[in-house]
Amino acid sequence: PWSMATWLYIDANSPNMPPSGDVSSIPSLGRHNVFAITTDAGKEASSLYYNQSDGKMVWHLTGSEPGLIECAGAAPLNRWFHIALVRKQGLNNSTIDEKFLRMYINGVEDWQLRITGSGTGILQVPLQVNSQLSLGASGDGGTPLRTFNATSSYPWIGSMSEMVWYVHRSLTTTPIQSLYNGGYTFDLFDSSMVKQASTETV
């Protein structure tokens, strides 16, 4: 299990934001990564991005069945907002849990499965790798310090602040709301802060 949270600002008025007509012609221009986690071979294991084409924040994880969720409403533009992601413990391959991945916007659970092609959007048997993290762009070929270009690096256009990662912890609603409301002071090793996926009420 793991969780992450950060403040984001999508600068829709930036001269670097591609025009909607260009995005219609080349959809990859409209993908703007907050982060991308890649394997040593350059395979994308996970990414969070703003999809300009439909105005959604999208979270993707690779597995035997890929996980793909999006915010239910449109992502806020030209103002700061808080986003948090939660991945539960386990492989999700026996009793399938549709809430194995969750997204919160401004402290409120706000997500839906993103259905594409024959996929269900429900993550099963997540890819387990020793990964590399790229912020504000896409990693490629196992190195985050790549030469970027407009169509394949998926640059973030805006700002981000106060990004935190929680390894081996599935944050619940209360600490996520506390992070949104100005911070949360706690003992990182206090197991009472979170519940294991088998007993968590969502």
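This is a predicted model: local features need pLDDT of at least 70, side-chain atom pairs count only at pLDDT 80 or more; totals for chains, interfaces and linings use all residues.
Student: How many aromatic pairs does the structure hold, and what is the geometry of the pair Trp2 and Trp59?

Tutor: The structure holds five aromatic pairs. In one of them, the ring centres of Trp2 and Trp59 are 5.5 Å apart and the planes stand at 70°. Planes over 60 degrees apart count as edge-to-face, so the pair Trp2 and Trp59 is edge-to-face.

Student: Which strands does this pair link, and are Trp2 and Trp59 buried or exposed?

Tutor: The two residues are 57 residues apart and the pair links distant parts of the chain, with Trp2 in strand β1 and Trp59 in strand β4. Buried means under 20% relative accessible area. Both Trp2 and Trp59 are buried.

Student: Over which rings does Arg31 lie?

Tutor: The charged end of Arg31 sits 4.1 Å from the centre of the Tyr49 ring, over that ring. Arg31 also lies over the face of a further ring, at 4.5 Å from its centre. The rings are those of Tyr49 and Tyr154.

Student: Which residues make the nonpolar surface patch of about 270 Å²?

Tutor: One contributor, Leu135, is found in strand β12 (residues 132-135). The patch is made by Leu133, Leu135 and Trp165.

Key:
Residues are numbered from 1 along each chain as its sequence is written. Side-chain values use heavy atoms; hydrogens and water are left out. Patches are made of residues with over 30% relative accessible area and no salt bridge: like charges are joined within 9 Å, nonpolar side chains (Val, Leu, Ile, Met, Phe, Trp, Tyr) within 5 Å. Accessible areas come from the Shrake-Rupley method with a 1.4 Å probe; for residues, only the protein chains shown count as cover. A salt bridge is a side-chain nitrogen of Lys or Arg within 4 Å of a carboxyl oxygen of Asp or Glu. Helices (H or I, at least four residues) and strands (E, at least two) are DSSP runs, numbered from the N terminus. Rings of Phe, Tyr and Trp (its six-membered ring) pair if their centres lie within 6.5 Å; planes under 30 degrees apart count as stacked, over 60 as edge-to-face and the rest as tilted. Buried means under 20% relative accessible area, exposed over 50%, partly exposed in between (1.4 Å probe, protein chains only). A charge sits over a ring if NZ of Lys or CZ of Arg is within 6 Å of the ring centre and within 35 degrees of the ring normal.
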